[in-house]
Amino acid sequence: MLRMALALVLSLLLTPVATAQDVSGNAPDRSATGGAQTLEDIMARQRGEAVDDAFRRDNVGDPARNPGAAQLAPLGGASDPELWRALRYGSADLTTSARNGGAALLVQDGGMWWLTFREGPLATYGGYLLLGTIGALILFYLLRGKIGIDEPMTGRTVTRFKFIERMAHWILGGSFILLGLTGLFVLFGRMFIAPYLGKDFNATLLTVSKIIHNNVAWAFCLGLLMVFVMWVWHNIPDRTDIKWFAQFGGIIGKNHPPAKKFNGGQKIIFWSVIVFGTSIAVSGVSLLFPYELPLFAKTFAILNDIGAPGWIGLDPLPTVLSPQEEMQYAQLWHAIMAFVLMAIVLAHIYIGSVGMEGASDAMTTGEVDEAWAHQHHSIWLDEVLEEQKKTAGSEAKATPAE
Amino acid sequence: MKAMWAGFAAVILIGIGANFALQEIGFSSEDRYSGDSVRLN
(Lines give C-alpha, C1' and ligand atoms only; values in the text may rest on other atoms or scores of the structure.)
Protein backbone atom coordinates (compact mmCIF):
# COMPACT_ATOMS: atom_id res chain seq x y z
CA MET A 1 0.00 0.00 0.00
CA LEU A 2 2.81 2.33 1.03
CA ARG A 3 4.64 1.43 -2.22
CA MET A 4 1.61 2.36 -4.29
CA ALA A 5 1.24 5.67 -2.46
CA LEU A 6 4.92 6.46 -3.07
CA ALA A 7 4.59 5.62 -6.76
CA LEU A 8 1.56 7.90 -7.03
CA VAL A 9 3.40 10.77 -5.29
CA LEU A 10 6.46 10.25 -7.50
CA SER A 11 4.42 10.19 -10.69
CA LEU A 12 2.61 13.37 -9.63
CA LEU A 13 5.93 15.04 -8.88
CA LEU A 14 7.53 14.00 -12.18
CA THR A 15 4.55 14.83 -14.39
CA PRO A 16 5.02 18.63 -14.32
CA VAL A 17 8.73 18.14 -15.12
CA ALA A 18 7.90 15.99 -18.12
CA THR A 19 5.21 18.44 -19.24
CA ALA A 20 7.58 21.38 -18.88
CA GLN A 21 10.19 19.56 -20.98
CA ASP A 22 7.63 18.85 -23.68
CA VAL A 23 6.60 22.47 -23.77
CA SER A 24 10.20 23.69 -23.95
CA GLY A 25 11.04 21.86 -27.15
CA ASN A 26 10.33 18.19 -26.52
CA ALA A 27 13.54 17.59 -24.57
CA PRO A 28 13.99 13.88 -23.95
CA ASP A 29 13.54 12.47 -20.49
CA ARG A 30 16.99 11.99 -18.98
CA SER A 31 15.84 11.39 -15.43
CA ALA A 32 17.05 7.79 -15.61
CA THR A 33 20.65 8.97 -16.01
CA GLY A 34 20.37 11.83 -13.56
CA GLY A 35 20.47 14.37 -16.40
CA ALA A 36 23.47 12.84 -18.20
CA GLN A 37 23.22 11.68 -21.79
CA THR A 38 21.15 8.58 -22.44
CA LEU A 39 21.60 5.62 -24.71
CA GLU A 40 19.08 7.23 -27.06
CA ASP A 41 21.26 10.38 -27.25
CA ILE A 42 24.28 8.28 -28.19
CA MET A 43 22.31 6.22 -30.74
CA ALA A 44 20.83 9.38 -32.29
CA ARG A 45 24.29 10.89 -32.61
CA GLN A 46 25.61 7.73 -34.22
CA ARG A 47 22.71 7.83 -36.68
CA GLY A 48 23.94 11.29 -37.63
CA GLU A 49 20.89 13.08 -36.19
CA ALA A 50 21.19 16.51 -34.61
CA VAL A 51 21.12 16.21 -30.82
CA ASP A 52 20.56 19.30 -28.71
CA ASP A 53 23.58 19.03 -26.45
CA ALA A 54 22.79 22.12 -24.36
CA PHE A 55 22.23 19.89 -21.30
CA ARG A 56 25.92 18.99 -21.45
CA ARG A 57 27.37 22.07 -23.13
CA ASP A 58 25.98 24.41 -20.46
CA ASN A 59 26.56 22.08 -17.52
CA VAL A 60 30.06 23.30 -16.75
CA GLY A 61 29.62 24.45 -13.15
CA ASP A 62 28.86 27.88 -11.80
CA PRO A 63 31.32 28.89 -9.08
CA ALA A 64 29.46 32.17 -8.60
CA ARG A 65 26.59 30.25 -7.07
CA ASN A 66 28.95 28.71 -4.55
CA PRO A 67 31.60 31.37 -3.80
CA GLY A 68 33.30 29.39 -1.05
CA ALA A 69 34.00 26.42 -3.31
CA ALA A 70 36.72 28.24 -5.22
CA GLN A 71 38.87 28.28 -2.11
CA LEU A 72 38.37 24.62 -1.48
CA ALA A 73 39.52 23.15 -4.77
CA PRO A 74 42.20 23.83 -7.38
CA LEU A 75 39.58 23.65 -10.11
CA GLY A 76 37.98 26.87 -8.98
CA GLY A 77 34.75 25.44 -7.71
CA ALA A 78 33.97 23.24 -10.70
CA SER A 79 33.94 19.48 -10.49
CA ASP A 80 36.07 17.27 -12.74
CA PRO A 81 33.16 16.38 -15.04
CA GLU A 82 32.20 20.04 -15.27
CA LEU A 83 35.76 20.99 -16.20
CA TRP A 84 35.98 18.25 -18.83
CA ARG A 85 32.66 19.30 -20.31
CA ALA A 86 33.99 22.87 -20.55
CA LEU A 87 37.08 21.55 -22.35
CA ARG A 88 34.93 19.38 -24.58
CA TYR A 89 32.77 22.30 -25.70
CA GLY A 90 35.53 24.88 -25.85
CA SER A 91 34.23 27.13 -23.07
CA ALA A 92 36.99 26.50 -20.52
CA ASP A 93 39.18 29.45 -19.62
CA LEU A 94 42.49 28.14 -20.93
CA THR A 95 46.00 29.39 -21.21
CA THR A 96 48.54 27.40 -23.26
CA SER A 97 52.28 27.59 -23.78
CA ALA A 98 51.95 26.91 -27.52
CA ARG A 99 51.33 30.08 -29.48
CA ASN A 100 49.35 28.87 -32.45
CA GLY A 101 45.75 29.53 -33.29
CA GLY A 102 44.50 26.05 -32.55
CA ALA A 103 46.34 25.39 -29.29
CA ALA A 104 43.49 26.39 -26.97
CA LEU A 105 40.93 24.16 -28.67
CA LEU A 106 41.56 20.71 -27.25
CA VAL A 107 38.54 18.78 -28.54
CA GLN A 108 37.30 19.48 -32.04
CA ASP A 109 34.20 17.88 -33.54
CA GLY A 110 35.10 18.41 -37.21
CA GLY A 111 38.12 16.14 -36.96
CA MET A 112 36.26 12.86 -37.37
CA TRP A 113 34.24 14.12 -40.34
CA TRP A 114 37.45 15.26 -42.01
CA LEU A 115 39.25 12.00 -41.25
CA THR A 116 36.46 9.79 -42.58
CA PHE A 117 36.05 11.98 -45.68
CA ARG A 118 39.81 11.97 -46.32
CA GLU A 119 40.15 8.21 -45.97
CA GLY A 120 36.82 7.52 -47.64
CA PRO A 121 35.38 9.47 -50.58
CA LEU A 122 38.49 11.60 -51.19
CA ALA A 123 40.89 8.67 -51.47
CA THR A 124 38.37 6.45 -53.27
CA TYR A 125 37.11 8.86 -55.92
CA GLY A 126 40.51 10.54 -56.28
CA GLY A 127 42.18 7.17 -56.83
CA TYR A 128 39.54 6.08 -59.34
CA LEU A 129 39.88 9.38 -61.18
CA LEU A 130 43.60 8.82 -61.73
CA LEU A 131 43.27 5.12 -62.57
CA GLY A 132 40.31 5.88 -64.86
CA THR A 133 42.31 8.57 -66.66
CA ILE A 134 45.27 6.23 -67.16
CA GLY A 135 42.89 3.51 -68.38
CA ALA A 136 41.16 5.90 -70.79
CA LEU A 137 44.52 7.05 -72.20
CA ILE A 138 45.66 3.45 -72.74
CA LEU A 139 42.35 2.69 -74.47
CA PHE A 140 42.67 5.81 -76.61
CA TYR A 141 46.22 4.82 -77.59
CA LEU A 142 45.05 1.34 -78.57
CA LEU A 143 42.20 2.76 -80.67
CA ARG A 144 43.86 5.84 -82.21
CA GLY A 145 47.54 4.99 -81.96
CA LYS A 146 50.26 7.59 -82.16
CA ILE A 147 49.29 10.74 -84.04
CA GLY A 148 51.86 10.84 -86.82
CA ILE A 149 53.12 13.57 -89.10
CA ASP A 150 51.27 13.32 -92.45
CA GLU A 151 53.74 15.24 -94.59
CA PRO A 152 57.35 14.11 -94.99
CA MET A 153 59.81 15.73 -92.57
CA THR A 154 61.54 18.74 -94.12
CA GLY A 155 64.73 18.62 -92.10
CA ARG A 156 64.28 22.37 -91.47
CA THR A 157 63.42 23.33 -87.91
CA VAL A 158 61.92 26.35 -86.21
CA THR A 159 62.41 27.37 -82.58
CA ARG A 160 59.19 26.55 -80.76
CA PHE A 161 60.22 27.42 -77.21
CA LYS A 162 63.22 29.39 -75.99
CA PHE A 163 65.53 28.09 -73.26
CA ILE A 164 63.85 30.10 -70.48
CA GLU A 165 60.39 28.88 -71.55
CA ARG A 166 61.50 25.27 -71.54
CA MET A 167 63.26 25.69 -68.22
CA ALA A 168 60.12 27.22 -66.66
CA HIS A 169 58.07 24.34 -68.07
CA TRP A 170 60.39 21.79 -66.47
CA ILE A 171 60.53 23.64 -63.16
CA LEU A 172 56.73 23.46 -63.13
CA GLY A 173 56.55 19.91 -64.49
CA GLY A 174 59.38 18.47 -62.40
CA SER A 175 58.07 20.00 -59.19
CA PHE A 176 54.50 18.92 -59.99
CA ILE A 177 55.54 15.29 -60.48
CA LEU A 178 57.45 15.34 -57.18
CA LEU A 179 54.55 17.04 -55.40
CA GLY A 180 52.01 14.66 -56.94
CA LEU A 181 53.92 11.52 -56.00
CA THR A 182 54.72 12.66 -52.45
CA GLY A 183 51.14 13.87 -51.97
CA LEU A 184 49.81 10.49 -53.09
CA PHE A 185 52.22 8.72 -50.73
CA VAL A 186 50.95 10.83 -47.83
CA LEU A 187 47.31 10.13 -48.70
CA PHE A 188 47.58 6.46 -49.61
CA GLY A 189 50.67 5.34 -47.66
CA ARG A 190 48.81 3.95 -44.68
CA MET A 191 46.34 2.13 -46.92
CA PHE A 192 48.57 0.69 -49.64
CA ILE A 193 52.24 0.98 -48.65
CA ALA A 194 52.32 0.10 -44.93
CA PRO A 195 50.47 -3.24 -45.31
CA TYR A 196 52.91 -4.49 -47.95
CA LEU A 197 56.25 -2.83 -47.24
CA GLY A 198 55.88 -2.34 -43.48
CA LYS A 199 55.04 0.53 -41.19
CA ASP A 200 58.69 1.51 -40.66
CA PHE A 201 59.27 1.88 -44.38
CA ASN A 202 56.02 3.80 -44.75
CA ALA A 203 56.90 6.12 -41.86
CA THR A 204 60.33 6.90 -43.33
CA LEU A 205 58.87 7.39 -46.81
CA LEU A 206 56.21 9.76 -45.53
CA THR A 207 58.68 11.76 -43.45
CA VAL A 208 60.86 12.27 -46.53
CA SER A 209 57.76 12.90 -48.66
CA LYS A 210 56.60 15.63 -46.29
CA ILE A 211 59.98 17.39 -46.41
CA ILE A 212 60.06 17.19 -50.23
CA HIS A 213 56.41 18.29 -50.56
CA ASN A 214 56.78 21.30 -48.26
CA ASN A 215 59.94 22.62 -49.89
CA VAL A 216 59.51 21.77 -53.56
CA ALA A 217 56.17 23.61 -53.38
CA TRP A 218 58.05 26.89 -53.83
CA ALA A 219 59.57 25.72 -57.10
CA PHE A 220 56.05 24.91 -58.30
CA CYS A 221 54.90 28.43 -57.38
CA LEU A 222 57.86 29.94 -59.27
CA GLY A 223 57.27 27.77 -62.35
CA LEU A 224 53.58 28.65 -62.29
CA LEU A 225 54.35 32.36 -62.20
CA MET A 226 56.95 32.07 -64.99
CA VAL A 227 54.71 30.18 -67.42
CA PHE A 228 51.82 32.51 -66.68
CA VAL A 229 53.87 35.63 -67.44
CA MET A 230 55.46 34.14 -70.57
CA TRP A 231 52.44 32.41 -72.11
CA VAL A 232 49.29 34.17 -70.96
CA TRP A 233 49.25 36.41 -74.04
CA HIS A 234 49.34 33.38 -76.35
CA ASN A 235 46.54 31.62 -74.44
CA ILE A 236 43.77 34.16 -74.69
CA PRO A 237 40.86 32.37 -76.40
CA ASP A 238 40.07 33.50 -79.95
CA ARG A 239 38.13 32.48 -83.06
CA THR A 240 40.65 29.90 -84.21
CA ASP A 241 39.86 27.85 -81.10
CA ILE A 242 36.23 27.38 -82.18
CA LYS A 243 37.36 25.87 -85.47
CA TRP A 244 39.96 23.80 -83.65
CA PHE A 245 37.40 22.33 -81.26
CA ALA A 246 34.88 21.82 -84.09
CA GLN A 247 37.39 19.50 -85.73
CA PHE A 248 38.36 17.90 -82.40
CA GLY A 249 41.83 19.31 -82.85
CA GLY A 250 42.70 16.67 -85.42
CA ILE A 251 42.88 14.11 -82.64
CA ILE A 252 39.79 12.39 -83.99
CA GLY A 253 39.70 12.16 -87.78
CA LYS A 254 42.29 13.22 -90.35
CA ASN A 255 41.82 17.00 -90.41
CA HIS A 256 44.40 19.25 -88.80
CA PRO A 257 42.78 22.59 -88.01
CA PRO A 258 44.94 25.73 -88.15
CA ALA A 259 46.27 26.99 -84.84
CA LYS A 260 48.48 29.74 -83.46
CA LYS A 261 51.32 29.13 -81.00
CA PHE A 262 48.91 27.31 -78.67
CA ASN A 263 45.88 25.43 -79.97
CA GLY A 264 42.52 25.12 -78.21
CA GLY A 265 43.52 21.98 -76.32
CA GLN A 266 46.73 23.53 -75.10
CA LYS A 267 44.81 26.57 -73.93
CA ILE A 268 42.57 24.29 -71.88
CA ILE A 269 45.69 22.73 -70.33
CA PHE A 270 47.23 26.17 -69.73
CA TRP A 271 44.21 27.63 -67.96
CA SER A 272 43.63 24.43 -66.00
CA VAL A 273 47.21 24.58 -64.77
CA ILE A 274 46.90 28.26 -63.89
CA VAL A 275 43.49 28.05 -62.16
CA PHE A 276 43.89 24.69 -60.40
CA GLY A 277 47.60 25.27 -59.80
CA THR A 278 46.95 28.65 -58.16
CA SER A 279 44.20 27.15 -56.03
CA ILE A 280 46.52 24.32 -54.99
CA ALA A 281 49.34 26.78 -54.28
CA VAL A 282 47.17 29.11 -52.17
CA SER A 283 45.63 26.30 -50.11
CA GLY A 284 49.11 24.74 -49.84
CA VAL A 285 50.61 27.93 -48.42
CA SER A 286 47.70 28.03 -45.95
CA LEU A 287 48.62 24.49 -44.88
CA LEU A 288 52.32 25.26 -44.78
CA PHE A 289 51.82 28.04 -42.26
CA PRO A 290 49.25 26.48 -39.91
CA TYR A 291 46.51 28.84 -38.71
CA GLU A 292 48.18 31.93 -40.21
CA LEU A 293 46.20 32.14 -43.45
CA PRO A 294 42.65 30.89 -42.91
CA LEU A 295 40.72 30.89 -46.17
CA PHE A 296 37.44 29.11 -45.81
CA ALA A 297 35.21 30.93 -43.29
CA LYS A 298 35.49 34.07 -45.40
CA THR A 299 35.06 32.19 -48.68
CA PHE A 300 32.00 30.38 -47.31
CA ALA A 301 30.51 33.71 -46.15
CA ILE A 302 30.93 35.16 -49.65
CA LEU A 303 29.40 32.05 -51.22
CA ASN A 304 26.47 32.23 -48.79
CA ASP A 305 25.96 35.91 -49.59
CA ILE A 306 25.57 35.19 -53.30
CA GLY A 307 23.39 32.18 -52.51
CA ALA A 308 25.74 29.67 -54.13
CA PRO A 309 24.96 26.70 -51.84
CA GLY A 310 21.27 27.00 -52.73
CA TRP A 311 22.04 26.55 -56.44
CA ILE A 312 22.87 22.93 -55.78
CA GLY A 313 20.33 22.45 -53.00
CA LEU A 314 22.70 22.78 -50.07
CA ASP A 315 22.19 24.56 -46.77
CA PRO A 316 24.31 27.67 -46.15
CA LEU A 317 27.94 26.78 -45.51
CA PRO A 318 29.41 27.23 -42.00
CA THR A 319 30.98 30.63 -41.50
CA VAL A 320 32.32 30.10 -37.99
CA LEU A 321 35.15 27.59 -38.21
CA SER A 322 37.63 26.51 -35.60
CA PRO A 323 41.31 26.94 -36.57
CA GLN A 324 41.59 23.20 -37.07
CA GLU A 325 38.55 23.13 -39.34
CA GLU A 326 40.15 25.80 -41.50
CA MET A 327 43.16 23.52 -41.93
CA GLN A 328 40.95 20.51 -42.63
CA TYR A 329 39.01 22.30 -45.36
CA ALA A 330 42.30 23.57 -46.81
CA GLN A 331 43.66 20.01 -46.90
CA LEU A 332 40.57 18.62 -48.61
CA TRP A 333 40.43 21.42 -51.16
CA HIS A 334 44.18 21.09 -51.81
CA ALA A 335 43.79 17.36 -52.46
CA ILE A 336 40.63 17.63 -54.61
CA MET A 337 42.16 20.31 -56.82
CA ALA A 338 45.38 18.29 -57.04
CA PHE A 339 43.52 15.15 -58.15
CA VAL A 340 41.75 17.08 -60.91
CA LEU A 341 44.99 18.70 -62.09
CA MET A 342 46.85 15.38 -61.95
CA ALA A 343 44.23 13.82 -64.23
CA ILE A 344 44.55 16.73 -66.69
CA VAL A 345 48.35 16.63 -66.57
CA LEU A 346 48.34 12.87 -67.25
CA ALA A 347 46.55 13.62 -70.53
CA HIS A 348 49.08 16.40 -71.22
CA ILE A 349 52.02 14.05 -70.58
CA TYR A 350 50.43 11.44 -72.85
CA ILE A 351 49.94 13.79 -75.81
CA GLY A 352 53.38 15.34 -75.32
CA SER A 353 55.18 11.98 -75.32
CA VAL A 354 53.81 8.70 -76.69
CA GLY A 355 50.59 10.18 -78.05
CA MET A 356 52.02 12.45 -80.74
CA GLU A 357 55.02 12.10 -83.00
CA GLY A 358 57.47 14.98 -82.69
CA ALA A 359 55.69 16.74 -79.80
CA SER A 360 58.38 16.12 -77.21
CA ASP A 361 60.98 17.99 -79.32
CA ALA A 362 59.23 21.25 -78.49
CA MET A 363 60.12 20.90 -74.81
CA THR A 364 63.44 19.04 -75.05
CA THR A 365 65.52 20.69 -77.79
CA GLY A 366 63.01 23.45 -78.42
CA GLU A 367 63.33 22.91 -82.18
CA VAL A 368 60.48 21.36 -84.19
CA ASP A 369 60.41 20.27 -87.80
CA GLU A 370 58.49 22.60 -90.11
CA ALA A 371 56.30 19.69 -91.21
CA TRP A 372 55.21 19.13 -87.60
CA ALA A 373 54.68 22.85 -87.05
CA HIS A 374 52.66 23.11 -90.27
CA GLN A 375 50.40 20.25 -89.24
CA HIS A 376 49.72 21.37 -85.68
CA HIS A 377 50.37 25.13 -85.56
CA SER A 378 50.10 26.37 -89.13
CA ILE A 379 49.22 30.01 -88.31
CA TRP A 380 52.09 30.23 -85.86
CA LEU A 381 54.52 28.70 -88.41
CA ASP A 382 53.48 31.25 -91.03
CA GLU A 383 54.09 34.05 -88.51
CA VAL A 384 57.51 32.68 -87.59
CA LEU A 385 58.57 32.22 -91.22
CA GLU A 386 57.33 35.72 -92.06
CA GLU A 387 59.33 37.11 -89.15
CA GLN A 388 62.42 35.21 -90.29
CA LYS A 389 62.06 36.65 -93.82
CA LYS A 390 61.75 40.20 -92.44
CA THR A 391 64.79 39.70 -90.21
CA ALA A 392 66.81 38.25 -93.09
CA GLY A 393 65.73 41.15 -95.32
CA SER A 394 66.68 43.84 -92.83
CA GLU A 395 70.04 42.13 -92.15
CA ALA A 396 70.76 42.04 -95.90
CA LYS A 397 69.97 45.76 -96.15
CA ALA A 398 72.14 46.57 -93.14
CA THR A 399 75.13 44.70 -94.59
CA PRO A 400 77.05 47.03 -96.92
CA ALA A 401 77.73 45.78 -100.42
CA GLU A 402 81.31 44.83 -101.02
CA MET B 1 67.67 18.78 -73.01
CA LYS B 2 69.81 21.33 -71.16
CA ALA B 3 66.72 23.36 -70.29
CA MET B 4 65.10 20.27 -68.76
CA TRP B 5 68.10 19.47 -66.59
CA ALA B 6 68.43 23.15 -65.64
CA GLY B 7 64.76 23.12 -64.61
CA PHE B 8 65.20 20.02 -62.47
CA ALA B 9 68.36 21.48 -60.91
CA ALA B 10 66.40 24.64 -60.09
CA VAL B 11 63.70 22.53 -58.40
CA ILE B 12 66.33 20.85 -56.21
CA LEU B 13 68.11 24.11 -55.37
CA ILE B 14 64.86 25.92 -54.54
CA GLY B 15 63.77 22.96 -52.40
CA ILE B 16 66.99 22.91 -50.39
CA GLY B 17 66.98 26.70 -50.07
CA ALA B 18 63.35 26.75 -48.91
CA ASN B 19 64.09 24.10 -46.29
CA PHE B 20 66.83 26.24 -44.74
CA ALA B 21 64.83 29.44 -45.06
CA LEU B 22 61.71 28.01 -43.42
CA GLN B 23 63.72 26.53 -40.55
CA GLU B 24 65.49 29.84 -40.11
CA ILE B 25 62.26 31.82 -39.67
CA GLY B 26 60.84 29.22 -37.26
CA PHE B 27 57.76 28.39 -39.26
CA SER B 28 58.03 24.62 -39.25
CA SER B 29 55.00 22.80 -37.87
CA GLU B 30 57.22 21.54 -35.05
CA ASP B 31 57.88 25.08 -33.93
CA ARG B 32 54.34 26.29 -34.44
CA TYR B 33 52.70 23.43 -32.57
CA SER B 34 54.96 23.62 -29.54
CA GLY B 35 55.76 26.23 -26.94
CA ASP B 36 58.64 27.44 -24.83
CA SER B 37 58.04 24.70 -22.32
CA VAL B 38 58.41 21.97 -24.93
CA ARG B 39 61.86 20.64 -25.70
CA LEU B 40 62.11 19.59 -29.34
CA ASN B 41 65.61 18.10 -29.37
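Two residues are in contact if their C-beta atoms, placed from the backbone, lie within 7 Å. By that rule, residues 24 or more positions apart account for 66% of the contacts in chain A with a separation of 6 or more. The model is predicted, and it holds a chain A of 402 residues and a chain B of 41 residues.

**Chain A**

- Chain A contains 15 helices and two strands.
- Of its 402 residues, 21% are buried.
- The average pLDDT of chain A is 86, and 89% of the residues score at least 70.
- Residues 4-24 of chain A have a pLDDT below 50, and this stretch makes four contacts in the model beyond near neighbours in sequence.

**Chain B**

- Chain B has two helices and zero strands.
- Buried residues come to 12% of the 41 residues in chain B.

**Where the chains touch**

- The contact between the chains draws 26 residues from chain A and 21 residues from chain B.
- On the side of chain B that touches chain A, the elements giving two or more residues are α1 (2-24) and α2 (29-33) of chain B.
- The most comes from α1(B), with 11 residues.
- By class, the residues on this side of chain B are 12 nonpolar, seven polar and two charged.

**Helix α6 of chain A against helix α1 of chain B**

- The axes of α6(A) and α1(B) come within 7 Å and cross at roughly 50°.
- The two helices are therefore oblique to each other, and their crossing is right-handed.
- From α6(A), the residues that meet α1(B) are Phe163(A), Arg166(A), Met167(A), His169(A), Trp170(A), Ile171(A), Gly174(A), Ser175(A) and Leu178(A).
- Their partners in α1(B) are Ala3(B), Met4(B), Ala6(B), Gly7(B), Phe8(B), Ala10(B) and Val11(B).
- This contact of α6(A) with α1(B) is made up of 11 nonpolar, four polar and one charged residues.

**Helix α6 against helix α12 within chain A**

- Helix α6 (residues 163-197) of chain A also packs with helix α12 (residues 323-352) of chain A, at an angle of about 130° and with the axes 11 Å apart.
- Because of that angle, α6(A) is oblique to α12(A).
- The crossing of α6(A) and α12(A) is left-handed.
- Phe176(A), Gly180(A), Gly183(A) and Leu187(A) are the residues of α6(A) in this contact, and they meet Ala335(A), Ala338(A), Met342(A) and Val345(A) of α12(A).
- Six residues of the contact of α6(A) with α12(A) are nonpolar, two are polar and no charged residue takes part.

**One residue in detail: Leu381 of chain A**

- Leu381(A) lies in helix α15 (residues 378-398) of chain A.
- Is Leu381(A) buried or exposed? Leu381(A) counts as buried because it has 23 C-beta neighbours inside 10 Å, where the cut-off for a buried residue is 20 or more.
- Leaving aside residues up to four places away in sequence, Leu381(A) touches Val158(A), Glu370(A), Ala373(A) and His374(A).
- Leu381(A) and Arg160(A) are 221 residues apart in sequence, while their C-alpha atoms are 9.2 Å apart in space.

Key:
Residues numbered from 1 in each chain as written. Chains lettered and ligands numbered in written order. Predicted model: local features only at pLDDT ≥ 70, side-chain atom pairs only at ≥ 80, totals over all residues. Helix = DSSP H or I, 4+ residues; strand = E, 2+ residues; numbered from the N terminus. Nonpolar A, V, L, I, M, F, W, Y, C, P; charged D, E, K, R; others polar. pLDDT = per-residue confidence, 0-100. Axes fitted to C-alpha atoms, helices over the stretch in contact; angles between N-to-C directions. Parallel < 35°, antiparallel > 145°, perpendicular 65-115°, else oblique. Left-handed = near helix turned anticlockwise from the far one by under 90°.
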